[in-house]
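This briefing walks through one protein chain, from its overall make-up to individual residues. Please keep the sequence and the model in view while reading.

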Amino acid sequence: MKYGLIAAAFALAVPVGAVAQDIPESGTYAFDPHHAQALFSYNHMGFSTSYGVVNGITGKVVLDSENPANSSVEARFPALSIRTVSPDLDAHLSSADFLDGDGGEVTFVSTAVEPGEGNTARVTGDLTLNAQTHPVVLDMVLNNAGQNPVEQKPAVGFSGTAEIKRSDFGLGAFAPAVSDEVQIQLNVEALKE
């Protein structure tokens, strides 16, 4: 079924692999910020892989089950909500080397959804980070679609991956010692409005 990843565009962390049980209902689904997260990782001077997280991402997915390519997604969070493994690194991230105490709002707005095999899709969109905008491709999987038993509403869940270059967004300090490439894992749950 090519209904999947459809607008899965900005979802957040977690491995993929669950099988969707139902075709999602068409409509607008609002992100559940309690279950919307992005994990990121980068190589630190060849010695280790370091990780960070963004919690509480907000946004919406507009699903068109009849024509998945017409689906879309929007997501956002404050740049300073990015967290690393230590308060010292968080402070460095907000320094003049990187976000300079602000960084503004990070947004993703899809520009194309290409349904793939099974419950997969490639979602292309514009990522704005540190006041710079560049296209990013998300490889998405629809994990599940059905009734959320707690909220008693139709719900969807997506996972996905992407890669960005820090330098594209004016955040390339210390590259290549600290890898320019950043791997992103996405997972999001969304409830029908």
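How much accessible surface does the chain have, and what percentage of that surface belongs to carbon and sulfur atoms? The accessible surface comes to about 9400 Å², and carbon and sulfur atoms account for 53% of that area. The model is a predicted one, and the values given here are computed from it.

**Overall make-up**

- The secondary structure of the chain consists of 1 helix and 9 strands, and the order of these elements, read from the N terminus, is β-β-β-β-α-β-β-β-β-β.
- The chain has 193 residues, of which 45% count as buried.
- When contacts between residues at least 6 apart in sequence are considered, 63% of them join residues that are at least 24 apart.

**The hairpin of strand 1 and strand 2**

- Strand 1, which covers residues 27-44, pairs with strand 2, which covers residues 48-55, in the antiparallel sense and over 8 bridges.
- Between these two strands of the hairpin there are 3 residues, and Met 45 takes a positive phi near 55° there.
- Within this pairing, Phe 40 stands opposite Gly 52, a residue of strand 2.
- Ser 50 also belongs to strand 2, and this serine counts as buried because its relative accessibility is 14%, under the 20% limit.
- Leaving aside residues up to four places away in sequence, Ser 50 touches Phe 40, Ser 41, Tyr 42 and His 44.

**Aromatic pairs**

- A search of the whole structure finds 2 aromatic pairs.
- In the pair of Phe 40 and Tyr 42, the ring centres lie 6.5 Å apart and the planes meet at 15°, so this pair counts as stacked, the limit for that class being under 30 degrees.
- Phe 40 and Tyr 42 are both buried.
- Phe 98 and Phe 174 also form an aromatic pair, a tilted one, with 6.2 Å from centre to centre and 50° between the planes.

**Backbone features in the loops**

- Phe 174 has a positive phi of about 75°, although this residue is not a glycine.
- The loop between strand 8 and strand 9, in which Phe 174 lies, also holds Pro 176.
- A cis peptide bond joins Ala 175 to Pro 176, and its omega is about 5°.
- Asn 130 is a residue other than glycine with a positive phi, in this case near 55°.
- The place of Asn 130 is the loop between strand 6 (120-129) and strand 7 (132-148), and this asparagine counts as buried because its relative accessibility is 17%.

**A nonpolar surface patch**

- Tyr 51, Val 85 and Leu 89 together make a nonpolar surface patch of about 310 Å².
- Leu 89, one of the residues of this patch, is found in helix 1.
- With a relative accessible area of 35%, Leu 89 lies between the limits of 20% and 50%, and therefore counts as partly exposed.

**A contact between separate parts of the sequence**

- Pro 78 has its place in strand 4, which covers residues 72-78.
- Pro 78 and Gly 104 are 26 residues apart in sequence, and their C-alpha atoms are 6.1 Å apart in space.
- Not counting residues up to four places away in sequence, Pro 78 touches Gly 104 and Glu 105.

Conventions. Residues numbered from 1 in each chain as written. Predicted model: local features only at pLDDT ≥ 70, side-chain atom pairs only at ≥ 80, totals over all residues. Heavy atoms only, no water. Helix = DSSP H or I, 4+ residues; strand = E, 2+ residues; numbered from the N terminus. Contact = heavy atoms within 4.5 Å. Pairing = 2+ DSSP bridges. Phe/Tyr/Trp six-rings, centres within 6.5 Å; stacked < 30°, edge-to-face > 60°. Buried < 20%, exposed > 50% of the residue type's maximum accessible area, 1.4 Å probe, protein only. Patch = residues over 30% accessible without salt bridge, like charges linked within 9 Å, V, L, I, M, F, W, Y side chains within 5 Å. Areas by Shrake-Rupley, 256 points an atom, 1.4 Å probe, with all protein chains shown as cover. Salt bridge = Lys/Arg side-chain N within 4 Å of Asp/Glu carboxyl O.
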